[in-house]
Structure formats: C-alpha cells, structure tokens
Amino acid sequence: MLAVNGLVKRFGGFTAVSNVSFKVEKGEILGLIGPNGSGKSTIFNMLSGTLVPTAGSISFDGHEIAGHAPHRIINGGIGRTFQIPRPFHRLTMFENVALAGFYGQGRHSRKKADEAAEKALAMVGLPTDRHAGVDGLGAAGLKKLELAKALATGPKLLLADESLGGLDEQEMDQAADMLRNIRDELGITIIWVEHIMGVLMRVVDRVMVLDHGEKISEGLPAAVAADPRVIEVYLGTDADATQAAAGEARRRAGN
Amino acid sequence: MNSRYAAWAIGLAALIALPFVYREPYHLHLLVLILIWSFAYTSWSIMGRFGLVSLGHGGFMGVGAYVTALLWNHLGVSPWIGIPVSMVAAGVLALVVAYPCFRFRITGHYFVLVTLALSGIVLQVITATRDYTGGSLGYTPNRSTGNKLWALQFDDKTTWYLIALGVWVAGLVIWRAIDRSMSRYAMEAISEDEDAAAAAGVNVTAEKLKITLISALMTALAGALYCQYQMFISPDTVSGIAVSLQMVFAVIVGGLYVSLGPTIGAIITILLAESLRIGFGTKAVGWDNLVYGVLLVLFIIFLPKGILGSILERLKWKKA
C-alpha cells in the first residue's frame with residue numbers, strides 16, 4: 001500500500017532523515033518508535049505533504065506522492081494526526097470534524113460532511129452534539145478530537161502521531177485499543193508513532209525503530225524489543241524497561 | 001428565525017420607501033455616501049474577519065474608480081462595461097499580489113506590509129500618470145450629453161440612493177452566504193493554523209485566494225460607484241493608504257465579526273467627517289484621520305469586537 005524508498009530530509013547541514021526505506025502492507029499496524037529527534041515526525045510530515053523530501057520516493061497505492069501539496073495527499077486517502085493536538089478553537093467540536101469531512105473527501109456536500117463527522121466522533125467516543133466547543137476538552141479529549149478529524153477525511157492509511165505522554169495509563173490503553181478498533185472495524189491501515197514502547201508493542205503488527213534519522217531495526221515486536229542494537233542505541237540507559245517490554249511482548253506472542 | 005427575516009424585510013421596505021417620503025437632498029446625500037462606504041467596508045471585512053488584514057484595499061477602490069472613469073473619458077466605454085472591466089483589473093491585481101504571499105506563507109504583519117505597498121503603488125501610478133489621470137488634482141468623468149442610463153450618470157439623489165441601497169444589500173447577502181458556507185469553517189481554520197487546516201484537506205492557498213478575490217472585486221465596484229456618484233475622484237478620496245486605514249478603522253469600530261458592523265462603522269466615520277467639516281471648516285482638514293487613529297487604538301484595546309459586536313454579545317448574555 002505504501003512504499004517508501006531512500007527518503008532523505010536535510011535542514012541546512014542537519015540530516016533529519018537519512019536514506020530510510022520501508023513498506024506498509026494493507027491492513028497492518030506499523031509502529032514507528034525512536035527517541036526524541038530521531039526523525040519520526042519528520043517522516044510523517046513528508047508522508048503527509050507538510051514537508052518536501054530532499055530525496056527519495058513515496059509511493060501510495062501505486063502513485064508517487066512525494067512533494068505533493070498536503071490537501072492533495074489527504075484527499076488521496078492519507079489521514080494524519082499531529083503529535084500536539086491542533087484543534088480549531090473558533091469552531092465547535094462538530095465543525096472541526098465536519099470541516100475535515102468536507103474538505104478531506106473532495107468537497108461533496110454538507111450532508112456527507114456532517115455524516116462523516118458524526119461517524120468519526122462516535123468512533124472515537126466523543127459527543128456528536130452540534131454546539132459543544134473544544135475549549136472544555138482535556139488532554140485525552142483533544143487527542144480523540146485529533147483522531148476524529150483524521151478519520152473524517154476518509155483515510156485508507158492513517159498516520160497517527162500519538163505520543164501518549166500526557167495521558168495516564170488507563171487512557172493510554174484506551175487510546176491503543178481505539179487504534180486497533182479503527183483498523184479492525186474500518187479496515188484502515190495505520191502507522192503509529194510513539195515514544196512509549198510498552199503500549200505500542202501490545203497493538204502493532206510490526207515495529208520500525210529510528211535513531212538519528214536512520215532505520216536501525218525493523219520486524220516483529222518481540223524480535224525488535226530483543227534486538228541488541230535497539231536496546232543499546234535507542235534505549236541504552238533504559239535497558240531494564242526495554243527488557244520488561246520485550247518480555248511482555250514475548251509472553252503475549254506466546255499466548 | 002422567521003421573526004428575524006420579518007424584521008429584515010420590514011427594515012428593507014422602510015429603507016426603500018424612505019427617499020419617496022423624505023426628500024431633503026443633503027441628508028439623502030449622506031445616506032448614499034454611507035451606503036457606498038458601508039459596501040466598501042463590508043467588502044474589506046469579508047477577508048479582514050479571517051485575519052487577512054489588508055491595507056491594499058484603497059488600491060482596489062482606486063482601480064475601480066479610475067479604470068471606469070478613464071475608459072469613459074478616453075474611449076467612450078460605458079460604465080456598464082467599464083465597471084466590470086475595472087473589477088477584473090482589480091481582481092487580477094489582487095491575484096498577482098496575493099498568490100505569491102499565500103504560496104510562500106507570507107502572513108500576519110508581513111502580509112499587511114505587502115498590501116500596504118500595494119496601496120502606495122496604486123497611488124503613485126495615479127499621480128505619476130497625471131497627463132491621463134489628473135494626478136493629485138483629481139479627475140472628473142465627462143458629463144454625458146446623451147443617454148443618462150448608458151452613462152450611469154443621474155442627477156437625482158433618489159436614483160442613486162436606490163442603486164447604493166441595492167449594492168449594499170447585495171454586499172450583506174454575500175457576507176451572510178460566506179458566513180454560512182463551509183468556506184467560513186475553512187477560513188477560520190486557516191486563520192488559526194494553516195498546517196492543521198491543510199491536514200484536514202483544505203487547499204489553503206486556493207481558499208485564501210478565493211476570499212481575497214471576492215473582497216477585491218467588491219471593493220473595486222465600491223470605488224466605481226463612488227466615482228459615478230460623486231463625479232469627482234482624487235487619489236486621496238478613493239485610493240491610497242489613508243483610504244485603506246479608514247476601512248480598517250471603520251470595520252473595527254463597527255464590529256469585525258457581525259454583518260452590520262461595517263455599516264455601523266460607515267455611519268460613524270461619515271458623520272464624524274461631516275461634523276468636523278461643518279463645525280471647523282477648512283481648519284479641520286485632516287483632523288478626521290487624527291481622530292480615527294486615536295479611536296482605533298482605544299477600540300483595539302478596550303472594545304476589540306467593535307460597537308455592534310459588543311452590543312450583540314451583551315444581549316446574548318442577557319438572554320442566556
């Protein structure tokens with residue numbers, strides 16, 4: 001479904017993403033992890049058109065999309081969320097999502113946009129009431145709204161820049177389950193970016209690990225978590241936690 | 001909702017009937033000016049309300065007025081053709097200036113500065129081509145000797161009042177149509193966060209260009225009408241930075257986010273300018289701009305929603 005080849009992004013002399021290639025199959029959830037500044041969000045920004053790659057190709061459903069304008073990519077079937085939720089405060093919650101339903105799906109009709117908004121809000125568990133504003137939402141609510149906006153654009157591939165840092169453990173689990181439900185019920189392929197390994201490992205089919213803009217490991221969660229390079233390079237000081245996550249992943253894989 | 005439409009219908013009927021029962025020419029003259037400027041201010045607010053603060057609208061107004069008048073005087077082209085041509089000219093100018101701004105993300109203060117330059121350039125062109133435009137001394141469309149309708153020149157105030165009223169209503173209808181469209185969602189989103197709007201599928205550049213184009217076309221029409229009504233235009237009255245600033249001032253004083261805000265702004269600016277003119281005569285030339293400046297600062301600090309916006313907000317609180 002998505003094939004990325006030799007992707008490079010330089011900002012002046014700094015190479016944020018260096019020759020990264022990967023593939024995503026239809027219907028899978030690919031986890032993308034790495035420490036802060038490892039290039040995860042930069043890759044997302046290139047996939048969604050917010051940044052133009054310095055080099056490399058991005059092929060989605062057989063079409064080259066590298067360097068296309070964001071609205072074209074969104075309309076072509078890729079939806080994205082931002083790491084820090086970016087709601088539109090001057091619109092109501094419903095309008096936020098209806099906007100995405102209208103412009104993200106080829107501007108058909110207001111009715112279709114409203115239907116898409118209702119469906120997306122219900123999917124993430126937010127009220128479909130037309131008058132509620134966005135200012136009353138907490139961290140978890142804003143993440144849900146962000147997800148609803150992305151879903152309303154009708155994506156085939158969802159780029160979920162989640163970073164669940166601001167959430168408590170229960171909310172993290174809920175968010176992880178929600179992503180799995182989105183894949184299972186709507187058949188949407190997902191790339192999920194996350195800092196915290198444990199939650200992610202539980203849900204994803206495959207994991208890719210980045211460090212300093214380079215891909216250092218890729219494979220099944222259990223294998224990646226046990227990869228000495230991942231433990232050493234990526235999580236070095238946090239080896240115990242990584243081992244725990246690896247053990248957890250192995251145990252689940254065994255079940 | 002129905003009572004609201006009824007109120008609009010009654011108000012409009014009263015405004016249409018007015019010149020047939022009340023014929024005091026000076027007051028009708030003031031009303032025509034208020035209606036034409038209200039339309040110009042409404043045109044500005046169509047983009048201004050979304051944070052696209054333009055100081056170039058004096059330029060669009062000047063293009064509307066001068067292109068129409070020049071075509072009539074030099075080529076004998078009727079304003080019925082000249083006005084659409086002048087609007088297209090202003091539209092092209094708007095796109096030429098706005099496209100690079102929007103494409104390369106020139107926003108906020110930098111956008112204001114680019115548009116400010118546009119006002120200045122149009123003013124310079126008018127003064128520099130004084131052999132054709134009369135320069136800073138001003139310009140008068142030739143009096144028609146034939147068909148008044150063809151020349152769009154009318155001596156009676158009632159006709160002009162009705163024309164201005166029609167255009168003013170059309171401006172409000174356009175304002176409301178945009179207010180209720182998905183374009184408003186898109187523009188509100190863009191004004192808050194362009195990347196997030198694009199991630200929702202909005203073609204940011206195209207949406208901004210669309211709203212800018214509508215605003216520029218309407219403003220050129222206002223300039224052309226002002227020219228046809230006054231039969232005298234000068235760079236100071238229909239073009240340049242002073243006119244642009246006056247638009248910003250009037251809209252902010254009246255209320256940027258309500259449909260009738262610009263109209264309230266026009267009533268205030270014109271009554272202010274007229275009372276200064278009558279009260280102090282030639283001694284007060286330019287005072288209105290000084291008063292505008294001081295009031296603008298006070299309003300931005302203490303009443304950012306403008307007079308009408310603040311009143312409506314109070315009423316809403318009381319209801320709730």
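**Reading a predicted two-chain model**

Modeller: Start just after α1(A), where A:G49 takes a positive phi of about 90 degrees. Keep in mind that this is a predicted model.

Colleague: What of α1(A) itself: is helix α1 of chain A enclosed or open?

Modeller: Count neighbours. A residue is buried if 20 or more other C-beta atoms lie within 10 Å of its own. Here eight of the eight residues of α1(A), residues 40-47, are buried, so the helix is largely enclosed by the rest of the structure. Among them are A:K40, A:I43, A:F44 and A:L47.

Colleague: Which strands does α1(A) lie across?

Modeller: The helix lies across β3, β6, β7, β8 and β9 of chain A. Its angle to β7(A), residues 157-161, is about 145 degrees. Helix α6 of chain A, residues 169-186, lies across β3, β7 and β8. That helix runs at about 165 degrees to β8(A).

Colleague: In what order do the strands of that sheet come?

Modeller: Six strands of chain A form an open sheet, ordered β6-β7-β8-β3-β9-β10, with mixed pairing. β6 (78-80) and β10 (214-219) are at the edges with a single partner strand each, so one side of each has no neighbour in the sheet. On average, neighbouring strands are turned by 15 degrees against each other, direction ignored.

Colleague: In which sense do β3 and β9 of chain A pair?

Modeller: Parallel. Four bridges join β3(A), residues 29-33, to β9(A), residues 206-211.

Colleague: How many bridges join each pair?

Modeller: Go pair by pair. Seven bridges join β1(A), residues 2-11, to β2(A), residues 14-24. A:L7 stands opposite A:V20 there. β1(A) also pairs with β4(A), residues 55-60, over five bridges. In that pairing, A:L2 has A:F60 as its bridge partner.

Colleague: Turn to chain B. How many helices and strands does chain B have?

Modeller: Chain B comes to 16 helices and zero strands. For overall form, compare the radius of gyration with the globule rule: chain B has 20 Å, close to the 20 Å given for 320 residues, so it is as compact as a globular protein of that length. Its C-alpha trace spans about 60 × 45 × 40 Å along the principal axes. Chain A comes to ten helices and ten strands.

Colleague: What share of each chain counts as buried?

Modeller: For chain B, 43% of 320 residues. For chain A, 48% of 255 residues. Sequence range is another view. Take contacts between residues at least 6 apart in sequence. In chain B, 76% of these join residues at least 24 apart. In chain A, the figure is 65%.

Colleague: How far does helix α14 of chain B reach from its first C-alpha to its last?

Modeller: Check the span against 1.5 Å a residue. α14(B), residues 261-280, reaches 28 Å, close to the 28 Å expected. Its buried residues include B:G261, B:P262, B:I264 and B:I267. The buried residues of α14(B) pack against α2 (25-48), α13 (240-254) and α16 (306-319) of chain B. After the helix comes B:G281, with a positive phi near 60 degrees.

Colleague: Where is B:V92 found?

Modeller: In helix α4 of chain B, residues 79-103. B:V92 has 13 C-beta neighbours inside 10 Å, so it counts as partly exposed. Its C-alpha is 8.4 Å from that of B:L213, 121 residues apart along the chain.

Terms used
Residues are numbered from 1 along each chain as its sequence is written. Chains are lettered from A and ligands numbered from 1 in the order in which they are written. This is a predicted model: local features need pLDDT of at least 70, side-chain atom pairs count only at pLDDT 80 or more; totals for chains, interfaces and linings use all residues. Two strands pair if DSSP finds at least two bridges between them. Helices (H or I, at least four residues) and strands (E, at least two) are DSSP runs, numbered from the N terminus. The radius of gyration is taken over C-alpha atoms; the globule rule is 2.2 Å times the number of residues to the power 0.38. A residue is buried if 20 or more other C-beta atoms lie within 10 Å of its own, exposed if 12 or fewer, and partly exposed in between; C-beta atoms are placed from the backbone. Two residues are in contact if their C-beta atoms, placed from the backbone, lie within 7 Å. The expected span of a helix is 1.5 Å times one less than its number of residues. Axes are lines fitted to C-alpha atoms, for helices over the stretch in contact, and angles run from 0 to 180 degrees between N-to-C directions.
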